[in-house]
Amino acid sequence: MQIKTEHSSIVLCTLNAKYIHSAFGLRYLKANMGQLNEQTTLVEFTIHDHILEMTEKLLSHNPTILGFGVYIWNVRETLALMKTIRTISPNTILVIGGPEVSHEWQKQEIVEIADYLITGEAEVTFPKLCQSILMNDQPEAKVHYGVLPVVTDLVLPYSLYTDEDVQHRVMYVEASRGCPFKCQFCLSSLDKKVRNFDLSTLLVAFDDLIARGATQFKFVDRTFNLKVKTSIAILEYFLTKLEEVPTLFLHFEMIPDRFPLELRDYVTRFPKGQIQFEIGIQTFNPDVAARIQRRQNYTSLDDNIEFLRPTGVHLHTDLIIGLPGETVESFAKGFDKLVHMGVEEIQVGILKRLNGAPIAMHSKDFEQVYSPNPPYEILANSVLSFTTLARLRRFARYWNIIGNSGRFQSTLLLFLDQESPFYTFLDFSDWLYDVCGRTTKISYNKMLQYLQQFWTEVFKSDITPTLSLDYQRTTGKHHTPRFLVMTEPEKVKRSTSLQSRQRRHTQESR
Ligand code: SF4
């Protein structure tokens with residue numbers, strides 16, 4: 001049967017969290033649309049865009065089929081957008097897919113609104129579904145289980161990065177799909193096996209991106225150091241490009257306990273700061289790790305981080321608050337250990353119950369209660385009350401600003417030098433929330449002032465020179481800003497007025 005293409009069109013859409021993120025999954029879909037490629041258009045927004053403006057732009061393509069990529073970060077906004085489209089253009093066929101709707105979809109409102117749902121990877125199933133729809137042979141089944149593609153058969157999507165993407169957005173790339181590990185909080189634990197792309201084809205695509213000016217490559221492979229031979233081949237390739245791309249930046253997700261000698265050798269050949277490893281540690285508590293089926297050899301982990309620290313590789317590590325059985329004390333111990341290991345970044349995440357993730361099996365035994373709204377963060381469990389988790393959530397937010405933004409480098413060291421960086425920062429976090437009552441929209445200058453006030457009151461110490469250093473490094477200016485200059489009476493007043501309150505904070509946090 002001949003496909004009618006004259007008046008039919010397919011629009012692929014997603015709402016990215018930020019402008020600099022590019023929709024990698026949609027580009028894969030478009031690249032693999034086969035004979036429907038020409039009539040498929042890709043439209044990206046961010047979750048901050050206006051619903052009616054997005055609706056107008058999407059409908060201006062007069063699409064027969066509108067496909068949405070649905071993720072934990074955009075499900076709320078995508079639902080609102082789809083409802084609006086459904087209202088104004090009831091005949092447009094709405095197809096959804098993506099991790100957020102691939103599991104436990106039965107009760108999701110967004111699935112009710114959609115005409116069709118494709119679960120899992122969609123490169124094979126989406127074009128087939130579109131073909132049927134365009135041939136007026138609409139399938140009766142609403143839910144289509146995505147056929148897993150043979151990744152070496154897929155058309156690579158890299159030519160779909162526009163010049164604007166290359167200049168201003170992160171280049172997502174992948175050398176493999178899937179993960180062999182079973183960490184229960186993670187959807188990749190459901191993967192059956194790891195599938196590798198053809199490396200030589202991939203490197204040709206990278207050549208093209210580099211020729212077009214790409215400098216930053218973010219590998220989305222779940223465990224880049226799984227197949228060491230491939231990891232080495234990729235690093236070897238980028239080593240040959242260093243002269244051509246002096247500002248090259250590579251990001252890889254690694255498992256922390258697998259770093260054989262041959263891989264180490266390649267890593268050390270890159271200049272400082274050009275490689276970033278995202279190292280998921282999640283917990284230093286072996287009982288908790290075993291409970292969530294995260295296999296981790298802590299001796300190798302220690303050894304690998306010790307090796308990596310002086311290499312100039314930027315180490316971004318992840319810890320999770322709220323895993324079943326992880327107390328504040330146990331998390332604090334792990335946090336402090338990681339601080340003392342000297343990694344550059346500690347990303348403190350709050351456990352989320354992703355749709356389909358096996359972590360749900362602990363809900364009853366550990367009284368894990370999650371928010372009903374995305375991103376489904378944990379609210380309380382058997383060892384962390386709602387109030388304690390609220391405190392820890394604030395800790396994570398403030399830590400992200402001060403610990404990970406790079407704008408408080410010198411001041412941060414004051415926290416890190418304390419006997420317990422975790423508890424000192426928790427004291428600061430409690431104090432700050434008490435004083436300012438919010439965790440967002442605190443300007444840089446205001447945060448410097450808060451830090452000064454906290455240190456004066458609690459430690460009776462004037463840290464103005466340190467704050468000034470951070471201010472100068474961040475702003476490029478050379479003076480101590482007026483808002484940090486305190487008079488002597490002011491110092492004395494600050495250091496006595498809130499002493500009793502601070503003592504209370506300090507006691508309560510232990
Ligand atoms: S957390 Fe990492 S190692 Fe564990 S299953 Fe997910 S991707 Fe694999």
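**Notes on the predicted model**

1. Helices α12 and α15 are roughly perpendicular to each other, because angles of 65 to 115 degrees count as such. This is a predicted model. The angle between the two helices is about 110 degrees, and their axes lie 8 Å apart. Helix α12 covers residues 328-341, and helix α15 covers residues 421-436.

2. Which residues make the contact between these helices? From α12 come Val 328, Glu 329, Phe 331, Ala 332, Phe 335, Asp 336, Val 339 and His 340. From α15 come Pro 421, Phe 422 and Tyr 423. By type, the contact of α12 with α15 has eight nonpolar residues, one polar and two charged.

3. Now the whole chain. The protein has 19 helices and 16 strands. Its radius of gyration is 25 Å, close to the 24 Å that the globule rule gives for 510 residues, so the protein is as compact as a globular protein of that length. Along the principal axes, the C-alpha atoms fill a box of roughly 85 × 50 × 50 Å.

4. Burial and contacts come next. Of the 510 residues in the protein, 55% are buried. Take the contacts between residues at least 6 apart in sequence: 73% of these join residues at least 24 apart.

5. Look at the ligand. Around the ligand are Cys 179, Phe 181, Cys 183, Phe 185, Cys 186, Ser 188, Ser 189, Arg 222 and Arg 294. This shell divides into five nonpolar residues, two polar and two charged.

6. Two kinds of backbone exception deserve a check. Most peptide bonds are trans, and most residues other than glycine have a negative phi. Pro 374 and Pro 375 are joined by a cis peptide bond, with omega about 5 degrees. Pro 375 sits in the loop between β15 (369-370) and β16 (378-380).

7. Tyr 376 is also found in the loop between β15 and β16. Tyr 376 is not a glycine, yet its phi is positive, about 55 degrees. Is Tyr 376 buried or exposed? Its relative accessibility is 12%, so Tyr 376 counts as buried, the cut-off being under 20%.

8. Lys 441 has a positive phi too, near 55 degrees, and is a residue other than glycine. Lys 441 lies in the loop between α15 and α16 (444-459). Here the relative accessibility is 78%, so Lys 441 counts as exposed, the cut-off being over 50%.

Terms used: Residues numbered from 1 in each chain as written. Predicted model: local features only at pLDDT ≥ 70, side-chain atom pairs only at ≥ 80, totals over all residues. Heavy atoms only, no water. Near = heavy atom within 4 Å. Nonpolar A, V, L, I, M, F, W, Y, C, P; charged D, E, K, R; others polar. Axes fitted to C-alpha atoms, helices over the stretch in contact; angles between N-to-C directions. Helix = DSSP H or I, 4+ residues; strand = E, 2+ residues; numbered from the N terminus. Parallel < 35°, antiparallel > 145°, perpendicular 65-115°, else oblique. Contact = heavy atoms within 4.5 Å. Rg over C-alpha atoms; globule rule 2.2 N^0.38 Å. Buried < 20%, exposed > 50% of the residue type's maximum accessible area, 1.4 Å probe, protein only.
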